[in-house]
Amino acid sequence: MFSIKTALLTSSIITFLIIVLWWSTQGCMNHLTVVSCHNVTTRKPLLVNFNTIPISIDSTDNKTLVVSSNISNTSLLNTTKIQSHWQIHNSIPTIFAITPTYTRETQKAELTRLCQTFMNVKSFHWIIIEDSDQPTELVTKFLEYCPVKSTQLNRKTSSRFKHKTTDTKHYNRGATQRNIGLDWLRDTYKDGDIDGVVYFADDDNTYDLRLFEEMRYTNKVSIWPVAFAGGLLAEGPKCKSGRVTGFHTSWAPNRKFPVDMAAFAVNLDIFLKDTSLLLNPKGTPGYLESDLLSKIITRPELEARANDCTQVYVWHTETKKPYLIHEKKNPTLLEV
């Protein structure tokens, strides 16, 4: 014979299961103790009241519900804690990844690889800037599907910034777009509004998830090696006890900071405090990174990451241009 307390407990559990089942039909995924939902069109948190316990979901920032239960002699409802992912992680610095991109055959493939990496990073905001006069349909549709919190911008590179050279490796491509991303951050946030770090995440790189936790708590500028850069298997700093002692480099070793764009992250406040800090599209080709870092920091101040710069967490993979010799005569009608 059930007591009134037992009946109420049973009713509450059934109600909880019904709500979880309902969420699962709304495009959410249930994994025992974790309920996650991605709906990029939702902008405001949704609030469901379950026996006075609030459940808040904001799927625009890759939020998840974390449900943990501790069963004791007291009521199960009194010991069930339900907290949103945002409530748990709102105190950790946000990583703002600035990615310049341009139309090409492999663009969607490159962005898909990044999306499927970035969606696994907590407290993350992806700023994509297209080298175009207006947002393209491909990138717009792609971001509608990608569950990562993102901002889509665009700015066509001026012809006066393009170097007349056949060596495309030394063309300062992406400088204008990265500056647009920095301008957006300054328009959106003021110094002290948010703890964050800025990372220039090019779309032709491959990223290990561990890289983002390495950079998250950057005080000023953190640094690490990059594979397949500078004509070497890995180019970057030599470090000891958390500080940079030199650089492993071959191309233009006279650069003050001979590193790849993917080799460092900068505390957001540095860019917010000094609005003059920008990349120089007209600068000497190949010196973009060194010129920027020279305005921010000295070598002794660099913060070594990746186990004293002995681990590689980012690769400049550069997807190979596809072999399309028959495409003109027999065009593909699919979006690729």
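Arg178 is buried, with a relative accessible area of 5%; buried means under 20% relative accessible area, exposed over 50%, and partly exposed in between (1.4 Å probe, protein chains only). The model is predicted: local features need pLDDT of at least 70, side-chain atom pairs count only at pLDDT 80 or more, and totals for chains, interfaces and linings use all residues. Residues are numbered from 1 along each chain as its sequence is written, and side-chain values use heavy atoms, with hydrogens and water left out.

**Helix α6**

Arg178 lies in helix α6, which covers residues 175–188. Helices (H or I, at least four residues) and strands (E, at least two) are DSSP runs, numbered from the N terminus. Because 11 of its 14 residues are buried, α6 is largely enclosed by the rest of the structure. Among these buried residues are Ile180, Leu182, Trp184 and Leu185. Their cover includes the strands β7 (94–101), β8 (124–130), β9 (150–154) and β10 (196–200), together with the helices α8 (268–273) and α9 (288–296); contact here means heavy atoms within 4.5 Å.

**Salt bridges**

Side chains of opposite charge can pair when their charged atoms come close. A salt bridge is a side-chain nitrogen of Lys or Arg within 4 Å of a carboxyl oxygen of Asp or Glu, and the structure holds 14 of them.

| Pair | N to O distance | Relative accessible areas |
|---|---|---|
| Arg104 and Asp203 | 2.9 Å | Arg104 17%, Asp203 5% |
| Arg178 and Asp202 | 3.0 Å | Arg178 5%, Asp202 15% |
| Arg216 and Glu213 | 2.8 Å | Arg216 2%, Glu213 35% |

The bridge between Asp202 and Arg178 links distant parts of the chain, since Asp202 sits in the loop between β10 and β11, 24 residues from Arg178. Arg104 and Asp203 also form a salt bridge. That pair likewise joins distant parts of the chain, 99 residues apart: Arg104 is in the loop between β7 and α4 (107–118), and Asp203 in the loop between β10 and β11 (206–207). Arg104 and Asp203 belong to a salt-bridge network with Glu110 and Arg113. In the remaining tabulated pair, Arg216 is buried, whereas Glu213 is partly exposed.

**Glu318**

Glu318 is found in the segment after β18 (314–315). With 34% relative accessibility, Glu318 counts as partly exposed.

Terms used:
Expected span 1.5 Å × (residues − 1).
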